[in-house]
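Hello,

Here is the structure for your files. My notes on it follow below.

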Amino acid sequence: FQRLYTTNQAIESIYNNQVVPLKQMADIISDYIDGVLVPIEQAAAQKMSAADATKAMVDGQTKAHTHWQAYMQTELFAEEKSIVAKAEPLVRQSTPIITQLIEQMRAGQVDTALKKKKKALQPLMTPLLAELENIANVQLVNARTAAEASHSAMQTLMWIMAFTVVAVFGV
């Protein structure tokens with residue numbers, strides 16, 4: 001029964017430390033793209049008002065921050081820690097720029113915000129989004145490895161149980 005408990009713990013760990021963080025990475029990427037970068041472009045193309053773009057950007061920045069903080073509370077593997085060490089400075093550097101862009105949008109300075117986005121934010125966002133994708137890829141590999149180990153442990157448990165039944169009942 002210890003093996004069954006261990007297998008259940010492994011499955012729970014896969015969910016908590018790979019599946020949930022994978023969703024968080026997808027959410028963070030979406031928050032930055034759809035909630036911060038795209039609204040400026042849409043406002044500049046007059047497909048969205050500056051006020052709506054500002055609201056979307058505030059929401060996007062807030063959600064990205066919330067998802068990032070939640071991700072940082074999960075158990076990080078060594079490879080993840082290495083990638084996070086590259087991503088965190090980009091997050092810290094982009095945050096005040098996003099805040100400035102929000103203020104420019106709030107003031108109706110859409111063209112100024114668009115120029116600043118292209119000049120100051122995009123050079124940070126491109127590598128940041130790449131690092132977030134790298135984290136997601138590590139999550140997939142780690143989840144697969146853990147799932148295979150859990151599956152192997154479950155198979156071993158099933159064989160032990162079958163042999164026990166044969167030994168006890170002579171079936």
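Burial and fold

Of the 171 residues in the protein chain, 35% are buried (under 20% relative accessible area with a 1.4 Å probe, protein chains only; exposed is over 50%, and partly exposed lies in between). This is a predicted model, in which local features need pLDDT of at least 70 and side-chain atom pairs count only at pLDDT 80 or more, while totals for chains, interfaces and linings use all residues. Residues are numbered from 1 along each chain as its sequence is written, and side-chain values use heavy atoms, without hydrogens and water.

The protein chain has four helices and zero strands, in the order α-α-α-α from the N terminus. Helices (H or I, at least four residues) and strands (E, at least two) are DSSP runs, numbered from the N terminus. Of the contacts (heavy atoms within 4.5 Å) between residues at least 6 apart in sequence, 77% join residues at least 24 apart.

Surface

V168 is located in helix α4 (residues 110–169) and is exposed, at 56% relative accessible area.

Backbone

Q46 sits in the loop between α1 (2–44) and α2 (50–72). Phi of Q46 is positive, near 60°, and the residue is not a glycine. Most residues other than glycine have a negative phi. Q46 counts as exposed because its relative accessibility is 74%.

Regards
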